[in-house]
Amino acid sequence: MKLVKPYLAVAASGLLRWTASGREREARWPVRVLCVEIGSGFGGSALQVARVCDQLDRRRFEPVVAAHAIAGHIERLRQNGLRVYQLPRPNLQRVGWWLKIRGTGFVVCVVPLTYHLMRLCRSERIGLIYLNNGIASELAGILAGRLLGIPVVCHLCGYDPLNGVSRFFSRWVKQFICQASRIAQIHREELGLPEKRIHVIHDGFDLERFLREGSTRDCARQMLHLNREDKVVTLIARMVEGKGHRQFLNAIPRLTQQIPQLQILLVGDAPPGSNGSMRPQVEQQVRLFGLQQVVRILGWRTDTATILAASDVLV
């Protein structure tokens, strides 16, 4: 059963390979790039997609976005005139206990999404697929590119354990872009990738924007109602599982004993309508530890430059 999903991919590839064979794609400028975002639209992956779309050379590339959720950064792209398509989410409740059978998740989730992506690629005449959520989460995009003969670029912003399916699908990715040298080294070792297929491109930041929008330390603290002598530690992240809010708050009682002037700023919230919000648990933990005078939950903010200017430490 361990090879069920790779065999499904091979069978589908063999069945549909004729659709791509024998067709030479004409070189057209600009090349249409399909950027696939499977997150909530508010996280770092959606922000990365937005940055890519904003910075692409429009003389050479024309971005098109396909996303599960049209919100946050993805909604901003749509408002700016980019073509944004909403991808369907699988209804796992209808499958029920069948998900316990190995390979069912691939059939229920990956195959339908592959079909939708293939239709979109054909209708939009896509010449390149850009994936931004790792290998395991982007199997449908990789498979769609394979079946249509469209090159796939996978942007790796972190590391998740790779199973046999991820390793199998990785051979169909044309190029990997890694956010850091360590990420590239891990994937190069685990996947046996040659040097020419994996590249390191560090994230860039517009520091001038922070200088333009930021304030002096004293002005920023006055705007946030902080004292000059406060020691301000800031955590900026979506308030969802895996971002470390509980672990961070567990350390605060000990820190307050050593730093009486400590002030904690929690910036961010769960995406609207999300079922995985950690905010109730965070608020309960703050009350349980008696940290109401120390921890401030600021929620969604657009004045991050001001918040950073007021902070001593960013977690």
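**Why these labels?**

Helix H11 (residues 279–288) has Val282, Gln285 and Val286 as its buried residues. The model is predicted, so local features need pLDDT of at least 70 and side-chain atom pairs 80 or more, while totals for chains, interfaces and linings use all residues. Residues are numbered from 1 along each chain as its sequence is written, and side-chain values use heavy atoms, leaving out hydrogens and water.

Q: Why is Cys121 called buried?
A: Buried means under 20% relative accessible area, exposed over 50%, and partly exposed in between, with a 1.4 Å probe and protein chains only. Cys121 has 3% relative accessibility, so it counts as buried.

Q: Why is Cys219 called partly exposed?
A: Its relative accessible area is 41%, which falls between the 20% and 50% cut-offs.

Q: Why are H2 and H3 called roughly parallel?
A: The axes of helix H2 (residues 44–55) and helix H3 (residues 72–79) come within 8 Å and cross at roughly 25°. Angles under 35 degrees count as roughly parallel, over 145 as roughly antiparallel, 65 to 115 as roughly perpendicular and the rest as oblique, so H2 and H3 are roughly parallel to each other.

Note on methods: Helix = DSSP H or I, 4+ residues; strand = E, 2+ residues; numbered from the N terminus. Axes fitted to C-alpha atoms, helices over the stretch in contact; angles between N-to-C directions.
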